[in-house]
Amino acid sequence: MRIAITGTHGSGKTTLASDFREASPSYEVLPEPYWQLVQEGVAFSARPTVEDLEAQLGYSCRQILAITTGQSVVFDRSPLDFLAYLDVVSAGQGFDWEPQGRLLGRIDRALKSLDTIIFVPLVEPDEIPGPIELPRLRAKVDRRLKAIFEQDDLGLLSDGPQILELSGSRNERLDKLLDHIVATSNC
């Protein structure tokens, strides 16, 4: 099964991926593209830029498409994350960013190769203790991701993976993910 966990920063997606790794060691859990690219020596700006996000989007697509279909893998982030960030960041810079041509095709192929996208939305009260980096960006990206899932304005989800929104406590999210895998495996 191929799963991607998506959500804005500080929503609990990396925690969910880490908890899942412990509960299901047969799955490979791949870190988010930002950290993979940093390990490769890519230097990112202090605040997200369109160029930085485009690099992460491209990496996310390559990462998903490079893994063989039969592998059991969890991706920390999906192309949808970067589409939401790009939409919000570009709007803040005064223009609309939208994928075109080959990039849109690559995003579509990457998403269709997934079995499930797990969306981890922000919850009230916030589970993150202390201050969050870029809180307005975080909230805007969360709203944009919700709109992507509700409206599918780019037409990327109609024939794509199953979408599962997970909320609740840390343990409840993990239990729901594990239940989903068992239910999907029995089909």
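A pocket is an open set of points on a 1 Å grid over the protein atoms alone, where a 1.4 Å probe fits and protein lies on both sides within 12 Å along at least five of seven lines; lining residues have an atom within 4 Å of a point. Grid points are joined across faces, edges and corners, and a volume is the space filled by probe spheres set on the points.

This is a predicted model: local features need pLDDT of at least 70, side-chain atom pairs count only at pLDDT 80 or more, and totals for chains, interfaces and linings use all residues. Residues are numbered from 1 along each chain as its sequence is written, and side-chain values use heavy atoms, with hydrogens and water left out.

**View 1. The second largest pocket holds about 260 Å³ of space.** Its lining consists of Arg 47, Pro 48, Val 88, Val 89, Gly 92, Leu 134, Pro 135, Arg 136, Leu 137 and Lys 140. Helix 4 and helix 6 (135-151) are the elements that give two or more residues to this lining. Helices (H or I, at least four residues) and strands (E, at least two) are DSSP runs, numbered from the N terminus. Helix 6 supplies the largest share, 4 residues. By class, the lining has 6 nonpolar, 1 polar and 3 charged residues. Here Ala, Val, Leu, Ile, Met, Phe, Trp, Tyr, Cys and Pro count as nonpolar, Asp, Glu, Lys and Arg as charged, and the others, Gly among them, as polar.

**View 2. Leu 134 sits in the loop between strand 4 and helix 6.** Its phi is positive, about 50°, although Leu 134 is not a glycine. The residue is buried, with a relative accessible area of 19%. Buried means under 20% relative accessible area, exposed over 50%, and partly exposed in between (1.4 Å probe, protein chains only).

View 3. Two or more lining residues come from each of helix 1 (13-23), helix 2 (33-39), helix 3 and helix 4. Helix 3 gives the most, with 3 residues. The lining divides into 11 nonpolar, 8 polar and 6 charged residues.

**View 4. Arg 77 lies in the loop between strand 3 (73-76) and helix 4.** Phi of Arg 77 is near 100°, a positive value in a residue other than glycine. Arg 77 is buried, at a relative accessible area of 5%.

**View 5. Ser 60 belongs to helix 3.** Its relative accessible area is 0%, so Ser 60 is buried. Beyond its neighbours within four places in sequence, Ser 60 is in contact (heavy atoms within 4.5 Å) with Pro 33, Arg 77, Ser 78, Pro 79 and Phe 82. Asp 179 is 119 residues from Ser 60 along the chain, and their C-alpha atoms are separated by 26 Å.

**View 6. Helix 5 (residues 101-112) runs 17 Å from its first C-alpha to its last.** That is close to the 16 Å expected for its 12 residues at 1.5 Å a residue; the expected span is 1.5 Å times one less than the number of residues. Ile 107, Ala 110 and Leu 111 are the buried residues of helix 5. They share one side of the helix because they cover an arc of only 95° around the axis, taken from the directions from the helix axis to the C-beta atoms. Gly 101 and Arg 102 are exposed on the other side. The cover over the buried residues includes helix 3 (50-66), helix 4 (79-92) and strand 4 (116-119).
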